[in-house]
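Please take a look at the model below.

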Amino acid sequence: MWQERAGLGNSPRTILEELARIQSHDVVLPTATHGEIRMRCVTQPDAAQAALLDRLGIVLPKRMRLDETEMPHLAPTP
């Protein structure tokens, strides 16, 4: 129903395949004084994906907060 309201028909497989190409990556940067900096970054959608997200009313975050339980703790580098 969500995609029908957006005028995108009724084929969820096509939409899911297009959105499945959007990825998120965990970035862990060691620091000299505070252990490490952790960020989860989301790739920028291409033009077709951006248009699809806009029609669906979805806004992707550029970065997402990480919970300490989501990533394994890395041992400090010497």
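Is Asp46 buried, exposed or partly exposed? Asp46 is partly exposed, with a relative accessible area of 33%. Here buried means under 20% relative accessible area, exposed over 50%, and partly exposed in between (1.4 Å probe, protein chains only).

The model is predicted: local features need pLDDT of at least 70, side-chain atom pairs count only at pLDDT 80 or more, and totals for chains, interfaces and linings use all residues. Residues are numbered from 1 along each chain as its sequence is written, and side-chain values use heavy atoms, with hydrogens and water left out.

**Salt bridges**

Side chains of opposite charge can pair when their charged atoms come close. A salt bridge is a side-chain nitrogen of Lys or Arg within 4 Å of a carboxyl oxygen of Asp or Glu. The whole structure holds four salt bridges. The table lists some of them.

| Pair | Closest N to O |
|---|---|
| Arg21 and Asp46 | 2.9 Å |
| Arg38 and Glu36 | 2.4 Å |

Arg21 and Asp46 sit 25 residues apart. Arg21 is in the loop between helix H2 (12-19) and strand E1 (24-30), Asp46 in the loop between strand E2 (36-42) and H3. Helices (H or I, at least four residues) and strands (E, at least two) are DSSP runs, numbered from the N terminus. Arg21 is partly exposed, at 45% relative accessible area. Glu18 joins Arg21 and Asp46 in a network of salt bridges.

Arg40 lies in E2 and Asp26 in E1, so their pair ties together parts 14 residues apart in sequence. Arg40 counts as buried, at 15% relative accessibility. Asp26 is partly exposed, at 40%. Arg38 has 17% relative accessibility and counts as buried.

**Helix H3**

H3 spans residues 47-56, and its residues Gln49, Leu52, Leu53 and Leu56 are buried. Down the axis of H3, the buried residues fall within an arc of 100°, so they line one face of the helix. The arc is that of the directions from the helix axis to the C-beta atoms. The face turned away from the buried side carries exposed Ala47 and Asp54.

Asp46 caps the N-terminal end of H3. A side-chain oxygen of Asp46 lies 3.2 Å from the backbone nitrogen of Ala48. After H3 comes Gly57, with a positive phi near 75°.

Gln49 has 3% relative accessibility. A polar atom of the Gln49 side chain lies 3.0 Å from the backbone oxygen of Glu18. Leaving aside neighbours within four places in sequence, Gln49 is in contact (heavy atoms within 4.5 Å) with Glu18, Arg21 and Ile22.

Note on methods: Polar contact = N/O pair within 3.5 Å; in protein donor to acceptor, adjacent residues only side chain to side chain.
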